[in-house]
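I opened my notebook to record what I looked up in this structure, entry by entry.

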Amino acid sequence: MKSFKARIIEAEKTFWEGEMTSLIVPAVDGEYGVLAMHQNLVVAVIPGLLKYQTPDGKWGEISISDGMLRVDDGEVLVLVDSAEWPWDIDIARVKAKEAAAREAMLQKKSVREYALAESSLRRALSRIRIKDADNNGL
C-alpha cells in the first residue's frame with residue numbers, strides 16, 4: 001500500500017511526523033479517512049481517537065482534541081490543541097475532568113459554556129477509551 005507524509009502538530013510543538021498508509025480522524029459528521037493520493041481538502045476535527053497505520057502495517061491510536069485536518073498535494077497535516085499517546089494519559093486526572101465536564105453541563109449557564117463542557121466531556125471520554133484499550137493490550 002502506498003504511503004504519504006503526515007504531521008500531527010499540537011498548539012506548541014510537533015507531536016508526530018512520519019509516513020502513514022492510512023489515517024482516520026473524528027469529524028463532526030463521523031470519521032474521515034485518508035489514504036495516499038487523496039484529493040486536497042480541509043476537515044474540522046473533533047475530540048476523539050485518531051487512528052493511523054504505518055507502512056509496516058501496524059495500527060495505532062492517539063487521543064486528540066479539536067482542530068483541523070488538511071490534505072495538500074499528497075501531504076497530511078493534522079493541527080490540534082492537544083494530542084496524547086495512550087501511555088501518557090493520567091486516568092485519575094482524566095476522570096476528574098470528566099466529572100467536572102458533566103457537572104458543568106448540568107449547570108446549563110449558557111449555550112457557549114454548555115458547548116465547551118460538552119467538548120471537554122468528549123475529550124475526556126476519548127482519553128478514557130484509549131487508555132482502557134491500551135491497558136487491555138488492544
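My entries below go from the nonpolar core to a serine and then to the aromatic rings.

I noted that this is a predicted model, in which local features need pLDDT of at least 70 and side-chain atom pairs count only at pLDDT 80 or more, while totals for chains, interfaces and linings use all residues. Residues are numbered from 1 along each chain as its sequence is written, and side-chain values use heavy atoms, with hydrogens and water left out.

Entry one, the core. I looked up the largest nonpolar core, which has 25 residues, and Ile 8 and Leu 50 are among those with the most contacts inside it. Such a core is a set of buried Ala, Val, Leu, Ile, Met, Phe, Trp, Tyr and Cys residues joined through side-chain atoms within 4.5 Å, where buried means under 20% relative accessible area, exposed over 50% and partly exposed in between (1.4 Å probe, protein chains only).

Entry two, a serine. I found Ser 63 in strand β7, strands being DSSP runs of E with at least two residues, numbered from the N terminus. Ser 63 is buried, with a relative accessible area of 0%.

I looked up Tyr 52 and Trp 85, whose ring centres are 6.5 Å apart with planes at 75°, so the pair is edge-to-face. By the rule I used, rings of Phe, Tyr and Trp (its six-membered ring) pair if their centres lie within 6.5 Å, and planes under 30 degrees apart count as stacked, over 60 as edge-to-face and the rest as tilted. Trp 85 counts as buried at 15% relative accessibility, whereas Trp 87 counts as exposed at 54%.

Notes
Helices (H or I, at least four residues) and strands (E, at least two) are DSSP runs, numbered from the N terminus.
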